[in-house]
Amino acid sequence: MKKQKTKIPFYKKYRILTITLVMFLIVLPLIVIPTIYVAHFANSKDILFSDKSLKAVPLNKQDKFEIDVYLDERKEVLDNDDNFKATNYIFYLDFKSLYTSKIKDINIEVQLSAKNDKYDSESISKSIKNESEKNKFEIPFAYNPKKKILPLVRVKEPTLYLKITFEFEDSSLLKPEPIIIKITPKQYN
């Protein structure tokens, strides 16, 4: 009778090579890919009005003004070769103060920001004379919403930020700090 040679499986014969392949093909991607996404979302902060230290208050959390924002129109602007150049957002803002004291010199700056890509538009400033009229803001935003930041991550609509500075008519009152309000796309659509 002949002795039967037992065939040793590849993974037993080359243990170190097998462990290395498993690490690079399975374990490493399972750790690295989620880490990239988590780091991206953790580091994506808006630079508000050219200042990294400013913090915004959500629209429904502030109690100083009654604000209604309507997105009237979104127009894509193309260059001469029909390539994407910018999107013009046209907003109407209804603004009313909830302060008991009379306010003068109201100034509103608006800015759009794509949070996941750290892209901000230029801020546009307007003085408000009459609180009862609708105020129109046209903001050119050169960000392409079809651009993918990471696979599976895309910014659909930018966030709108308002920076409100004002003074009271009564000169004995101190000048209040500017208020920065964050308006999400769901709140202005």
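This is a predicted model: local features need pLDDT of at least 70, side-chain atom pairs count only at pLDDT 80 or more; totals for chains, interfaces and linings use all residues.
Residues are numbered from 1 along each chain as its sequence is written, and side-chain values use heavy atoms, with hydrogens and water left out. Local features need pLDDT of at least 70 and side-chain atom pairs count only at pLDDT 80 or more, whereas totals for chains, interfaces and linings use all residues.

Strands (DSSP runs of E, at least two residues, numbered from the N terminus) β2, β3 and β7 form, in the order β2-β3-β7, an open sheet of 3 strands with antiparallel pairing, where two strands pair if DSSP finds at least two bridges between them. The edge strands, each pairing on one side only, are β2 (65–78) and β7 (135–141), and the twist from one strand to the next averages 20 degrees. Between β2 and β3 (residues 84–97) the antiparallel pairing extends over 13 bridges, and Ile67 has Phe95 of β3 as its bridge partner.

Ile103 lies in strand β4 (residues 103–114) and counts as buried because its relative accessibility is 13%, buried meaning under 20% relative accessible area with a 1.4 Å probe, protein chains only. Leaving aside neighbours within four places in sequence, Ile103 is in contact with residues including Phe65, Ser97 and Phe166, contact meaning heavy atoms within 4.5 Å. Although 63 residues separate Ile103 and Phe166 in sequence, they are 6.9 Å apart in space, C-alpha to C-alpha.

Note on methods:
Helices (H or I, at least four residues) and strands (E, at least two) are DSSP runs, numbered from the N terminus. Buried means under 20% relative accessible area, exposed over 50%, partly exposed in between (1.4 Å probe, protein chains only). Axes are lines fitted to C-alpha atoms, for helices over the stretch in contact, and angles run from 0 to 180 degrees between N-to-C directions.
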